[in-house]
Amino acid sequence: MVAFEQPHGMHPPQAQWELPFFDAHHGETAQRLADWAMFQHVDETDDRAACKDWVARLGHDGWLRYCVPAAHGGALPALDSRSLVVLRETLAFHSPLADFAFAMQGLGSGAITLAGTPAQQAAYLNAVASGEKIAAFALSEPEAGSDVAAMATRAVQTTAGWTLDGTKTWISNGDLADFYVVFAKTDPNASARGISAFIVDARQPGLNSSEHIHVMAPHPLATLRFENCTVGNDAMVGALHGGFKLAMRTLDIFRASVAAAALGMARRAFAEAVAHAKQRKMFGQTLADFQLTQARLGEMSALIDAAALLTYRAAWQRDRSTTQGAGTAAYTTAAASAKLTATENAQRVIDMALQMFGGRGVQVGQKVESLYRDIRSLRIYEGASEVQLLILGKAALKP
């Protein structure tokens, strides 16, 4: 079965890129990507093979260049949140798995972009931009998901470098990546202040990534087990004990883009629902002729618009804080609002679209059925909805 399908002439709308949050090149980039995506035919039956295919295509045609800065083969001088939002929304509209492949190249290499040495950046970033190397971000553990400080993986310094022992799980691109940015405790008594980051190549002795995790939507995941896995001193990314802040900075860059991915899926479900309503015959008229259908489509449209504005504002604030030195507190709350609202609203929109299809909506192979499975994880990963609520609540209580 070919899971990726041509959207029958559907394109994500382009008018949103004319909003004041964006510059002219953002809209031009979105249009070029939408045109490109229409001609990609990828068999997504095997998610791992499909991800490799998508990385190769995205790298060959220059789209992964937006995941790294220009100094290392990138398209722009620095990582640009608005470009990431534009690209992820457009890719997710066409194929959530293509969006995943793109996003993980950025997230998996983000720590190297932010804090890597010149040698580390030269060794990995150009290869990420070309699609030659697949990246992964290894933070979560069996008992340390939202509570990052509870991680149990240890890195002990030796005369040869560092030895890692422990387990990481729910790792996207696990057993598929060429390298992992791994976070481990270098001071087990210092909570979050005792975490450091390391680059671990996939073939490093002592790393076992063969335990795959199967989930409801195509998504290559694995558990990583480190047993006496030794890396050199040159594998540390950033400062000793600076890993927690580095992980949060990396996630911050991409949080608004998670909202954009949800937005792209919601827009696709909405487009499918509108097309279906116009052609579905019922009681001598089309489904679109019923006021109940019109009201439901109106609700879906409003939910999408609300999520879009929050998403675009968050990306704009992140770019503004980077270029103008503005504070990051406003962006943190804006990103939390965007991620929460976009993922929760997308779940509602896709559920309403599936309901509109009736029995066909739950038939395997229908686009709304696959979107229903695709959207669910976005309310959990890279900061569950409950975590975003806590961020917003704490911000509201500050003096």
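At 16% relative accessibility, E382 counts as buried, where buried denotes a relative accessible area under 20%, exposed over 50% and partly exposed in between (1.4 Å probe, protein chains only). The residue lies in the loop between α9 (367-376) and α10 (385-397), and its phi is near 55 degrees, a positive value in a residue other than glycine. Most residues other than glycine have a negative phi. The model is a predicted one, in which local features need pLDDT of at least 70 and side-chain atom pairs count only at pLDDT 80 or more, whereas totals for chains, interfaces and linings use all residues. Residues are numbered from 1 along each chain as its sequence is written, and side-chain values use heavy atoms, with hydrogens and water left out.

A positive phi, of about 60 degrees, is also found at W170, which is not a glycine. This residue lies in strand β3 and is exposed, with a relative accessible area of 51%.

Strand β3 (residues 162-172) is joined to strand β2 (residues 154-157) by four bridges, and the two run antiparallel; strands are taken to pair if DSSP finds at least two bridges between them. Within this pairing, A155 has L164 of β3 as its bridge partner. Four residues lie between the strands of the β2 and β3 hairpin, in which G161 takes a positive phi near 150 degrees. Strand β3 also runs antiparallel to strand β7 (residues 221-231), to which eight bridges join it, and the bridge partner of W162 in β7 is V231.

Taken as a whole, the chain contains 10 helices and 10 strands, defined as DSSP runs (H or I, at least four residues, for helices; E, at least two, for strands) and numbered from the N terminus. The radius of gyration of the chain is 21 Å, close to the 21 Å that the globule rule gives for 399 residues, so the chain is as compact as a globular protein of that length; the radius is taken over C-alpha atoms, and the rule is 2.2 Å times the number of residues to the power 0.38. Along its principal axes, the C-alpha trace spans about 80 × 50 × 40 Å.

Of the 399 residues, 55% count as buried. Among contacts (heavy atoms within 4.5 Å) between residues at least 6 apart in sequence, 74% join residues at least 24 apart. The accessible surface of the chain, from the Shrake-Rupley method with a 1.4 Å probe, comes to about 16800 Å², of which 55% belongs to carbon and sulfur atoms.
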